Amino acid sequence: GGMAIMGVGITVLIPIQNHMHNPGWQYALAIFLIYGIGYPIGHTAVIGIFSKIVGRRPQGLLLGWFASAGSLARMAFPVMSGYISSYAGVDKLFSTLCVVLLVSILFVYTYRHTLNFLSS
């Protein structure tokens with residue numbers, strides 16, 4: 001659910017053009033959908049599933065690695081986004097982000113039975 005809402009937030013930004021006057025409501029709506037609704041839902045669900053998969057084993061170290069990977073992604077994606085928007089344009093950036101989210105959603109959908117089994 002959270003990834004789908006983030007996908008909607010990113011698709012709101014696809015029509016934005018470089019060096020043009022773009023409406024502020026698009027940015028506000030996208031930020032609200034991505035960071036206000038989508039990310040909290042997705043992050044909470046992923047942490048819950050990860051905790052269930054780990055089970056009764058000590059979770060501190062594994063959750064630490066999980067949090068570190070998330071922090072690395074939050075540093076790497078903005079840098080990569082800057083390069084993509086500089087060299088290919090803003091429209092390609094948001095299209096690329098939509099593809100990344102779509103691949104993530106397809107991965108979760110494809111392996112949903114495994115995730116259900118591991119989390120039960």
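Me: At what angle do helix H1 (residues 2-13) and helix H2 (residues 24-54) pack, and how far apart are their axes?

Reply: The angle is about 165 degrees and the axes are 8 Å apart. Axes here are lines fitted to C-alpha atoms, for helices over the stretch in contact, with angles from 0 to 180 degrees between N-to-C directions. The model is a predicted one, in which local features need pLDDT of at least 70, side-chain atom pairs count only at pLDDT 80 or more, and totals for chains, interfaces and linings use all residues. Residues are numbered from 1 along each chain as its sequence is written, and side-chain values use heavy atoms, with hydrogens and water left out.

Me: Why are H1 and H2 called roughly antiparallel?

Reply: Angles over 145 degrees count as roughly antiparallel, under 35 as roughly parallel, 65 to 115 as roughly perpendicular and the rest as oblique. H1 and H2 pack at about 165 degrees, and they are therefore roughly antiparallel to each other.

Me: What makes up the contact of H1 with H2, by residue class?

Reply: Contact means heavy atoms within 4.5 Å. Residues of H1 in this contact include Ile5, Met6 and Val12, and those of H2 include Tyr27, Leu33 and Ile37. The residues divide into 14 nonpolar, 5 polar and no charged. Ala, Val, Leu, Ile, Met, Phe, Trp, Tyr, Cys and Pro count as nonpolar, Asp, Glu, Lys and Arg as charged, and the others, Gly among them, as polar.

Me: How do you know that the length of H1 agrees with its number of residues?

Reply: The expected span is 1.5 Å times one less than the number of residues. For the 12 residues of H1 that should give 16 Å, and the end C-alpha atoms are 17 Å apart, which agrees.

Me: Which residues of H1 are buried, and what covers them?

Reply: Buried means under 20% relative accessible area (1.4 Å probe, protein chains only). Gly2, Met6, Gly7, Gly9, Ile10, Val12 and Leu13 are buried in H1. The cover includes H2 and helix H4 (90-110).

Me: What orientation do H1 and H4 have to each other, and why?

Reply: H1 and H4 pack at about 165 degrees, with axes 9 Å apart. They are therefore roughly antiparallel to each other.

Me: Why are H3 and H4 called oblique?

Reply: The axes of helix H3 (residues 60-88) and H4 cross at roughly 135 degrees and come within 7 Å. H3 and H4 are therefore oblique to each other. Their contact has 7 nonpolar, 3 polar and 2 charged residues.

Note on methods:
Helices (H or I, at least four residues) and strands (E, at least two) are DSSP runs, numbered from the N terminus. Buried means under 20% relative accessible area, exposed over 50%, partly exposed in between (1.4 Å probe, protein chains only).
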